[in-house]
Amino acid sequence: MTNTPPREPQILEFANSPAIPDFLIKDVRAKLAYIDEAVDKASIVEDGARIRLVLKSVPDESLQKAIEDKVARVVTAMVKGAFEPRLRSLEDHMDRLHAYDRDPMDELLAEREVVREGNGYYTLGPKLSRLIDYMESRFLWLAGEMQAEPYRFPALIPAEYMERVKYFSNFPHSLSFVSHLREDLEVIEDFAQHACCSHGVVDAPDHSMAAPGAMLTPTVCHHLYYALADQTIPMDGMTVTAYGHCFRYESSNMISLERLWNFTMREIIFVGPESFVKQGLEKVRKKAAPIFADLGLAYRIENASDPFFIGTFTNQTAYQNALELKFEIRALLPFKNDTVAVGSYNRHQTFFGTHLNIHMENEELPHTGCVGFGYERLAFAFVAQHGTDPKGWPEPVRAYMDDHAVC
Ligand code: ATP
Ligand code: ZN
């Protein structure tokens, strides 16, 4: 890797030798956002041959060197030993007609249907909220068809649990920590008198905050597995459904409704024998197809892997790919001629059974699996394909909007 002199004071460019292969470009670019706080934007250009970083300010020589070393570390760790994943498509409806091909975000922001509260979190107005209510009503029906039992989970999850299921080592970059002031009268009074919000962050006196014992939860199904820790489950398995807020800090990768820090999901979760989990997921996929048809959504379903951090990336993605443990519902975003995952089918084999000491009545470890539908991305892909005016939306959606309009 060679560092060429900056073309503009705040831009650093690096040549990659050999070039980053096509199938890794998105994953490497996503990780570059986390290498240094000075990085504002990362891109990989010239077919993977060069990395371009836009920095927040002009770097001095030692910062340039430090960034160069970190880029080299990320690229080496992710490219070495990587192999091209085998892609298999389970469904392909990419040829569904779409009437719209602009980025809907500008219009949504202009009409205040989407209001930005902070980096990666937004308020949604009545139009998108009703659209999501429609989707939720359809997925709730689907959960009912699967005889799923409803659960409600908290938005917090214990740090101890996250460590037990290896979340700290697999996804450290996306964790969101929850703290509070230490229980100490002086600390609390000192905070009340001196703390302020400066440059968008709380500027508190040193040592005011307690070490975080809880995290904002990154996903829904983990709460069910935690509730089943040290328990025995029936031989014929469990089917559960829940809706929840999820939190994944995605740094400068957070753009529009496509990639958020705080998003919501409906999951249907299976715990039991392997065949029960596999068949459950397959049944959901078949029953979900008419819902996506009513949404008029152009999408395909293909296998994928989770966004592991660099330390475990290569091994874990290879494992998931070889065993086809994850399939994503990838919806078309016509304005960028790309797709985004709006949902996923996941199998974890006996991972949670093993780490949480869950057993079936015959003492064997249960398998687990889940399907998650991400509502903000579904709504975003939907308006990216059909536009922001409900008059142009598919008939079943319009009918729901009319029925649920305020008179
Ligand atoms: P990606 O690879 O795009 O980061 P993912 O496929 O790893 O996402 P899953 O862990 O499978 O995501 O989560 C299930 C669903 O949750 C996704 O299909 C998507 O709809 C939604 N989702 C995940 N991360 C985000 C995010 N940062 N912003 C908005 N929705 C998200
Ligand atoms: Zn899940």
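**View 1. Helices H4 and H9 cross with right-handed geometry.** The model shown here and in the following views is predicted. H4 comprises residues 126-145 and H9 comprises residues 274-294.

**View 2. A shell of 17 residues surrounds ligand 1.** The closest of these residues are Glu250, Leu260, Lys326, Glu328 and Ser344. Sorted by class, the shell contains 8 charged, 6 nonpolar and 3 polar residues.

View 3. The largest contribution comes from S19, which provides 4 residues.

**View 4. Side chains of Glu250, Ser344 and Arg377 place polar atoms beside atoms of ligand 1.** In the case of Glu250, a polar side-chain atom is 2.8 Å from a nitrogen atom of the ligand. For Ser344, an N or O atom of the side chain lies 2.6 Å from an oxygen atom of ligand 1. A polar atom in the side chain of Arg377 is 3.1 Å from an oxygen atom of the ligand. The protein buries 92% of the 590 Å² that ligand 1 exposes when taken alone.

Key:
Residues are numbered from 1 along each chain as its sequence is written. Chains are lettered from A and ligands numbered from 1 in the order in which they are written. This is a predicted model: local features need pLDDT of at least 70, side-chain atom pairs count only at pLDDT 80 or more; totals for chains, interfaces and linings use all residues. Side-chain values use heavy atoms; hydrogens and water are left out. A residue is near a molecule or strand if one of its heavy atoms lies within 4 Å of it. A polar contact is a pair of N or O atoms within 3.5 Å; within protein, one must be able to donate a hydrogen and the other to accept it, and residues adjacent in sequence count only if both atoms are side-chain atoms. Accessible areas come from the Shrake-Rupley method with a 1.4 Å probe; for residues, only the protein chains shown count as cover. Helices (H or I, at least four residues) and strands (E, at least two) are DSSP runs, numbered from the N terminus. Ala, Val, Leu, Ile, Met, Phe, Trp, Tyr, Cys and Pro count as nonpolar, Asp, Glu, Lys and Arg as charged, and the others, Gly among them, as polar. Axes are lines fitted to C-alpha atoms, for helices over the stretch in contact, and angles run from 0 to 180 degrees between N-to-C directions. A crossing is left-handed if the near helix is turned anticlockwise from the far one by less than a right angle, and right-handed if clockwise.
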